[in-house]
Amino acid sequence: MSDRATKVLCFASGRGSEWQAHCLDFDIAVEGASFDDVSKVLEQAIATYVADAHAEAPANQERLLSRRAPIMVRAGWIARFIYAVVLSRTKDTMLRHSFTLPCPASSAPSADS
């Protein structure tokens, strides 16, 4: 089983009660009031997305389960994360996190299922 079948890459940023998180492996984004809030909502959104993808026809399953955030979105999140690390000693009040979330089996179910 690939690592992608168990984990997905996510980034979150926020200040005060305004947070956003993005799953780069499925191009899913959420907003919330705290890091804990967006990480929980994103985990639920990923689980729902994968379950809904499995309910589709096999051709659509493959397309949906291999969807990624566009390269510019991925690069933007990675750049923001690197920027935060470099400026971590300044007065930048934006908080940023990179994290992984468990991913329900993202590979298509077997014919025996």
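Here is a short chat about the predicted model shown above.

Q: Hi! To get oriented, how many helices and strands are there in the protein chain?
A: Hello! This predicted model has 3 helices and 4 strands in its protein chain.

Q: And which pattern do they follow along the sequence?
A: Reading along the sequence, you get β-β-β-α-α-α-β.

Q: What share of the residues is buried?
A: Buried residues account for 31% of the 113 residues in the chain.

Q: How about the surface, what does the accessible area come to?
A: About 7000 Å² for the protein chain, and carbon and sulfur atoms hold 57% of that.

Q: What part of the contacts with a separation of 6 or more is between residues 24 or more positions apart?
A: That part is 58%.

Q: Let's zoom in on the strands. How do strand 1 and strand 2 run?
A: They run antiparallel, with 6 bridges joining them. Strand 1 covers residues 7-15, and strand 2 covers 18-23. The two form a hairpin with 2 residues between them.

Q: Which residue in that turn has a positive phi?
A: Gly16, with a phi of about 60°.

Q: Which residue stands opposite Gly14?
A: Trp19 in strand 2 stands opposite Gly14.

Q: What does Ala33 touch, leaving aside neighbours within four places in sequence?
A: Ala33 is in contact with Gly16, Ser17, Glu18 and Trp19. Trp19 is the residue facing Gly14, and Gly16 is the turn residue with the positive phi.

Q: Nice link. Where is Ala33 placed?
A: Ala33 sits in the loop between strand 3 (28-32) and helix 1. Its C-alpha atom is 5.3 Å from that of Glu18, and the two residues are 15 apart along the chain.

Q: What is the relative accessible area of Ala33?
A: The value is 42%, so Ala33 counts as partly exposed.

Q: How accessible is Asp27?
A: Its relative accessibility is 28%, so Asp27 is classed as partly exposed.

Q: Switching to the helices: which residues of helix 2 are buried?
A: Gln61, Leu64 and Leu65 are buried in helix 2, which spans residues 58-65. They lie on the same side of helix 2, because they cover an arc of only 85° around the axis.

Q: What do those buried residues pack against?
A: They pack against helix 1, residues 35-54.

Q: And which exposed residues are on the face turned away from the buried side?
A: On that face, helix 2 carries Ala59, Glu62 and Arg63.

Q: Last one, on helix 1. What does the side chain of Ser39 reach?
A: The Ser39 side chain reaches the backbone oxygen of Asp36, at 3.0 Å. Ser39 itself is in helix 1.

Q: Is Ser39 buried or exposed?
A: Buried: Ser39 has a relative accessibility of 12%, and the cut-off for buried is under 20%.

Note on methods. Residues are numbered from 1 along each chain as its sequence is written. This is a predicted model: local features need pLDDT of at least 70, side-chain atom pairs count only at pLDDT 80 or more; totals for chains, interfaces and linings use all residues. Side-chain values use heavy atoms; hydrogens and water are left out. Buried means under 20% relative accessible area, exposed over 50%, partly exposed in between (1.4 Å probe, protein chains only). Contact means heavy atoms within 4.5 Å. Accessible areas come from the Shrake-Rupley method with a 1.4 Å probe; for residues, only the protein chains shown count as cover. The arc is that of the directions from the helix axis to the C-beta atoms. Two strands pair if DSSP finds at least two bridges between them. A polar contact is a pair of N or O atoms within 3.5 Å; within protein, one must be able to donate a hydrogen and the other to accept it, and residues adjacent in sequence count only if both atoms are side-chain atoms.
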